[in-house]
Amino acid sequence: MTRPNILLITADQWRGDCLGTVGHPVVRTPNLDAFAETATVFEQHYAATAPCSPARASLYTGLYQMNHRVVWNGAPLDDRFDNIARATRRAGYTPTLFGYTDTSPDPRLHHPNDPVLTSYEGVLPGFWVRQPLAEDEKQWLSWMVSRGHDPAGLPTIHHVEPEEGEKVSLKAARYSKDETQTAFMTDAFLTWLGEQEEDRPWMAHVSFLRPHPPIAAPAPYNTLYHPDDGPGFSGAPTAAEEAAFHPLMEALQDYQQLASHLPGTTDFVRDLTERDLRRLRALYYGMITEVDAQLGRIIEALEPLENTLVIFTSDHAEMMGDHWMLGKSGFYRESYHIPLMIRAPGGGAANRVSAFTSSTDIFPTLLDLLDIEPEHAPDGASLLPYLSGQTPLSWRDAALWEFDYRQFLKKWPEKFPASAHEGSSTALCRLGPEWQFVHFSGMPNILMKAARTSTAPVNEAASHPDLVIANLDALVATRMRHNDETLARTLVWDYYRE
């Protein structure tokens, strides 16, 4: 087989349950649903960590946070690590980026005055950037001006007209459905795609910003969903009960401000009512459908290109009201369950995988497909057998993710017991079919039922000490199994002979 074209699409902050093809009762994703008919859908796929920079470091390197050590936005990615861009370059591709990777550079390779050290929005080493889209959205805003928008209104472009008596307005954004950041990026990719030579395989990464906040949807997506539609929220009846469940939850409620989702507001997320959250969620659903519409344009353009690997996923998910939270942080599964669909070159029949898979599996899958060796030992495993309907002989029986909360320990030391300041600042989460276990150093561990529930979370660790020990053993074994093996399995005199 000749080398395939490779397209990696990420839609930032997309929940894994928000797809029609996996049975969401409300959200409409007709284009991805159609794509799923010739793809492998991984129904239990999880980000390895959050927020953006750590999650993308795992996606791009195939490493858990315990090894790549990107613990927060702005934490640098060690330059010694291999990644999807560098690997595909070794395979003869020019990996081309549309959007962003949120990769903070290794400062040891730069002069202190280098401007790249002023932002966490660096570019993953190896990528050639065709169309950037930074957090300030300057490229998109310039495009908006070229389409006739008043430059004076750009600083508040995501502010929508208020609705009387409502904290969350369902009014339409001031830009049309053809002027979203998603449409802008899709136009850029399709232009580039039309420039590619038929006999030269290409690799592209389209990194969409939406449905990441700010939450603002153009017509008709702003009213596509009624706030009363949709499942009930998971978690305790009140924000106060959630805060009392664990010290980290209390700190998160002091951290989460509504302005990150609705520009111009000053409230905390914990101050929202269920009505507010439902209205916000209806807009989030609308943004998902807007992205799906643009994905339809890409999928249609790829139809003549049979020898193309297409991967659709996200970096991390979105709480969107569950447990009285917004955004991505903490230990609940809603922050980490993300979509993954892969269509192999040549397409195929629909295939569903219920095994636990990880964002760390993407890098090894590309290596396996291209038959090239990594320059470090990935933690993930290749998904290639699943793409042909096979089941690997050995596979994980649980999902694993990490959340580093050192910034909360530093900001609110009084919220945590003294013992918490003496150990690791990582919540290590293990989700199995029936139980979720969360290990903390110096704080109570959590054992709770894996199923979503509309009642207050219950820590059953004291009632099931055998399960706690079994989960601790499994976490220790996982950590030992994922010690860095890059050079450990060779001898210096055999290195160049193997």
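Colleague: Which residues make the nonpolar surface patch of about 430 Å²?

Modeller: Keep in mind that this is a predicted model. A residue needs over 30% relative accessible area to join a patch. The patch of about 430 Å² is made by L487, Y495 and Y496.

Colleague: And Y496, is that one buried or exposed?

Modeller: Y496 sits in the segment after α13 (465-481). The cut-off for exposed is over 50% relative accessible area. Y496 has 78% relative accessibility, so Y496 counts as exposed.

Colleague: On to the pockets. Which residues lie nearest the centre of the largest pocket?

Modeller: That pocket has a volume of about 910 Å³. Its lining divides into 19 nonpolar, twelve polar and eight charged residues. Of the 39 residues lining the largest pocket, those nearest its centre are E135, H212, P213, S260 and K328.

Colleague: Which element gives the largest share of the lining of the second largest pocket?

Modeller: The second largest pocket holds about 590 Å³ of space. It's lined by 22 residues, with D379, A381, R396, R481 and H482 closest to its centre. Two elements give two or more residues to this lining, β9 (399-404) and α13. The largest share, four residues, comes from α13.

Note on methods:
Residues numbered from 1 in each chain as written. Predicted model: local features only at pLDDT ≥ 70, side-chain atom pairs only at ≥ 80, totals over all residues. Heavy atoms only, no water. Patch = residues over 30% accessible without salt bridge, like charges linked within 9 Å, V, L, I, M, F, W, Y side chains within 5 Å. Areas by Shrake-Rupley, 256 points an atom, 1.4 Å probe, with all protein chains shown as cover. Salt bridge = Lys/Arg side-chain N within 4 Å of Asp/Glu carboxyl O. Buried < 20%, exposed > 50% of the residue type's maximum accessible area, 1.4 Å probe, protein only. 1 Å grid on protein atoms, 1.4 Å probe; cavity = no way out; pocket = protein on both sides within 12 Å on 5 of 7 lines; lining within 4 Å. Points joined across faces, edges and corners; volume = space filled by probe spheres on them. Nonpolar A, V, L, I, M, F, W, Y, C, P; charged D, E, K, R; others polar.
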